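Work through the exercises below with the sequence and the model in view. Each task is followed by a solution in steps.

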Amino acid sequence: MNFSQYEKKFRSKALKSGFSEDNIIACLNYAKPILEKGLPVIYNTANLAALVGYRTTYLKRAARFTKFYYRSFKIKKSNGKLRTLVEPLPSLKEIQTWILENILSEVPVSKFAKAYVKHRSLKENVKHHRSKEGVLTFDIETFYDSVRFEDIEKIFTEMGYSGVMSNLLAKLTTFNECLPQGAPTSPYLSNLVLREFDRKISDYCVENNIRYTRYADDLTFSGEIKSLKMRNLVEAELDKIGLNLNPDKTKLRKSSQRQMVTGIVVNEKAQIPKFERNFIKNEVHFLIRFGLKDHLRKTKNKRENYLLHLLGKINFALHINPTDKRMESYKLQVQKIIQSDSGK
C-alpha cells in the first residue's frame with residue numbers, strides 16, 4: 001500500500017473516530033517515512049499487539065520481565081568448554097518472528113554481509129578469497145553479548161518509529177540488554193548493527209583493491225594486505241559500537257600456507273580441509289570393508305541416523321566444491337549402503 005492509499009483509508013477511519021485534523025496530520029506525518037521504507041506503521045503498544053496477535057498486557061510484561069520469557073541451556077563448544085544459550089518461549093518467539101519477517105527483513109544490509117541473508121551463504125563468503133596472495137581473518141569477541149541495547153533501539157528509531165515504540169521493539173528482541181543467541185531476530189539485527197561498520201570497512205577495501213566479506217562475526221580480507229593498518233582500522237570502527245576483536249583469532253596466511261576462510265580452504269579452489277576429507281574417506285572405506293553394524297560396533301559409534309549424518313558431510317563438501325569427483329564417488333557408495341540398509 002502506497003502512502004496516498006494509506007492516507008485515504010486512514011483519514012476516513014480517523015474522521016469516523018472523531019480525530020481532529022491536527023491529530024490526523026500528525027499521524028500521517030509519522031506514518032509517511034515508515035511506509036516509504038515498506039514497513040508497517042505502528043503507533044502504540046495496542047497497535048503492535050493487534051498486529052502480532054497478542055494482548056497489550058502480554059507485550060508489556062514480556063518487555064518488562066524479560067527473564068521470565070526465556071529458558072537457558074548449555075551446549076559444548078568446539079574447544080570442549082560449555083556455552084550458555086538463552087531461547088525465547090514459544091509465544092515470545094512468535095512475536096520476534098513477526099518482527100523479523102515484517103520489519104527487520106525489509107531493511108537491506110550490506111552486500112558484504114554473507115550470513116543470515118536470503119540467497120547468501122558460506123559458499124559465497126569464501127569464493128571471493130580464492131587464490132589470493134594473503135588472507136587475513138579477524139573474529140569479533142563475544143559478539144552477541146557485546147551488542148548494546150541502545151544500538152538495537154537506534155535501529156528501530158532510524159526506521160522512523162517513535163521513541164516509545166523503538167524502546168518496546170528493542171526490549172522484545174533483547175535479553176539482559178544484549179542479543180539472545182536463540183532469538184530469531186538476533187542474526188538479522190547483528191547485520192543491521194554492523195551496517196555502518198561494513199560500509200566504512202568496505203569503502204577502504206574497495207579503494208585499496210582488497211577483498212572484504214563478513215560472515216556473522218568472522219571478518220575476512222584478501223589480496224595485498226598491510227595487516228597492522230587493517231587491524232587498526234577495524235579496531236577503531238568496532239570501538240565506535242562497543243565491540244572488540246578476539247586477539248587469539250587474528251590470522252594472516254600467505255599463499256604458501258593453508259588459507260582458511262570460515263573453515264574452508266581457499267588456496268586454489270574452495271574445499272573442506274584435508275582432515276575432514278580424510279575422515280570421510282576412512283568412514284566410507286571401513287563401511288565397505290566391515291559393513292554398517294560391525295563398523296559402528298568397532299568404533300563404538302552410537303549416533304542415530306549415522307549414515308544420513310555422513311551423507312550430510314559429503315553433501316556439504318560437494319556444495320562447496322561441486323566438481324569433487326572423490327566426494328561424488330563417496331556419495332554414491334553411501335547412498336547404496338543406505339538403500340541396502342533400508343531394504344532389510
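## Exercise 1: Salt bridges

The model is a predicted one, and the count of salt bridges in it comes to 16.

**Task.** Starting from glutamate 196, find its salt bridges with arginine 199 and lysine 200, and state how exposed glutamate 196 is.

**Solution.** 

Step 1. The side chains of glutamate 196 and arginine 199 form a salt bridge with an N to O distance of 2.6 Å. Both residues are in helix α11 (residues 195–207), and because they are 3 residues apart, about one helical turn separates them.

Step 2. Glutamate 196 also forms a salt bridge with lysine 200, where the closest N and O atoms are 3.9 Å apart. These two residues are 4 residues apart in helix α11, so about one helical turn lies between them as well.

Step 3. Buried means under 20% relative accessible area and exposed means over 50%, with partly exposed in between. Glutamate 196 has 41% relative accessibility and therefore counts as partly exposed. Arginine 199, at 39%, is partly exposed, and lysine 200, at 30%, is partly exposed.

**Task.** Which residue of helix α12 pairs with lysine 200, and is that residue buried or exposed?

**Solution.** 

Step 1. Lysine 200 forms a salt bridge with glutamate 237, the closest N and O atoms being 3.8 Å apart.

Step 2. This pair links distant parts of the chain: lysine 200 is in helix α11 and glutamate 237 in helix α12 (residues 227–239), 37 residues apart.

Step 3. Glutamate 237 has a relative accessibility of 11%, so it counts as buried.

Step 4. Through shared partners, salt bridges join Glu196, Arg199, Lys200, Asp203, Glu237 and Lys240 into one network.

## Exercise 2: Arginine 214

**Task.** Locate arginine 214 and list its side-chain polar contacts with asparagine 191 and aspartate 198.

**Solution.** 

Step 1. Arginine 214 is in strand β4 (residues 211–215).

Step 2. Its relative accessibility is 0%, so arginine 214 counts as buried.

Step 3. The side chain of arginine 214 makes a polar contact of 2.9 Å with the side chain of asparagine 191. Another polar contact, of 2.8 Å, joins the side chains of arginine 214 and aspartate 198.

Step 4. Leaving out residues up to four places away in sequence, arginine 214 touches Phe112, Ala113, Lys114, Ala115, Asn125, Asn191, Leu194, Asp198 and Leu219.

## Exercise 3: Aromatic rings

**Task.** How many aromatic pairs does the structure hold? Classify the pair of phenylalanine 10 and phenylalanine 19, then the pair of tyrosine 30 and tyrosine 43.

**Solution.** 

Step 1. There are 12 aromatic pairs in the structure.

Step 2. The ring centres of phenylalanine 10 and phenylalanine 19 are 6.4 Å apart and the planes stand at 80°, so this pair is edge-to-face. Phenylalanine 10 is buried at 14% relative accessibility, whereas phenylalanine 19 is partly exposed at 36%.

Step 3. The ring centres of tyrosine 30 and tyrosine 43 are 5.5 Å apart, with the planes at 40°, so this pair is tilted. The pair links distant parts of the chain, 13 residues apart: tyrosine 30 is in helix α2 (residues 21–36) and tyrosine 43 is in the loop between α2 and α3 (45–52).

Step 4. Tyrosine 30 is buried, with a relative accessible area of 18%. Tyrosine 43 is partly exposed, with a relative accessible area of 23%.

Step 5. Ring pairs link Tyr6, Phe10, Phe19, Tyr30 and Tyr43 into a cluster.

**Solution.** Lysine 298 lies over the face of phenylalanine 290, at 4.9 Å from the ring centre.

## Exercise 4: Positive phi

**Task.** Compare the loop positions of tyrosine 116 and alanine 216, and give the phi of each residue.

**Solution.** 

Step 1. Tyrosine 116 is in the loop between α5 (90–102) and α6 (122–127). Its phi is near 65°, a positive value in a residue other than glycine. At 41% relative accessibility, tyrosine 116 is partly exposed.

Step 2. Alanine 216 is in the loop between β4 and β5 (218–223). Although alanine 216 is not a glycine, its phi is positive, about 60°. At 10% relative accessibility, alanine 216 is buried.

Technical notes:
Residues are numbered from 1 along each chain as its sequence is written. This is a predicted model: local features need pLDDT of at least 70, side-chain atom pairs count only at pLDDT 80 or more; totals for chains, interfaces and linings use all residues. Side-chain values use heavy atoms; hydrogens and water are left out. Buried means under 20% relative accessible area, exposed over 50%, partly exposed in between (1.4 Å probe, protein chains only). A polar contact is a pair of N or O atoms within 3.5 Å; within protein, one must be able to donate a hydrogen and the other to accept it, and residues adjacent in sequence count only if both atoms are side-chain atoms. Contact means heavy atoms within 4.5 Å. Rings of Phe, Tyr and Trp (its six-membered ring) pair if their centres lie within 6.5 Å; planes under 30 degrees apart count as stacked, over 60 as edge-to-face and the rest as tilted. A charge sits over a ring if NZ of Lys or CZ of Arg is within 6 Å of the ring centre and within 35 degrees of the ring normal. A salt bridge is a side-chain nitrogen of Lys or Arg within 4 Å of a carboxyl oxygen of Asp or Glu.
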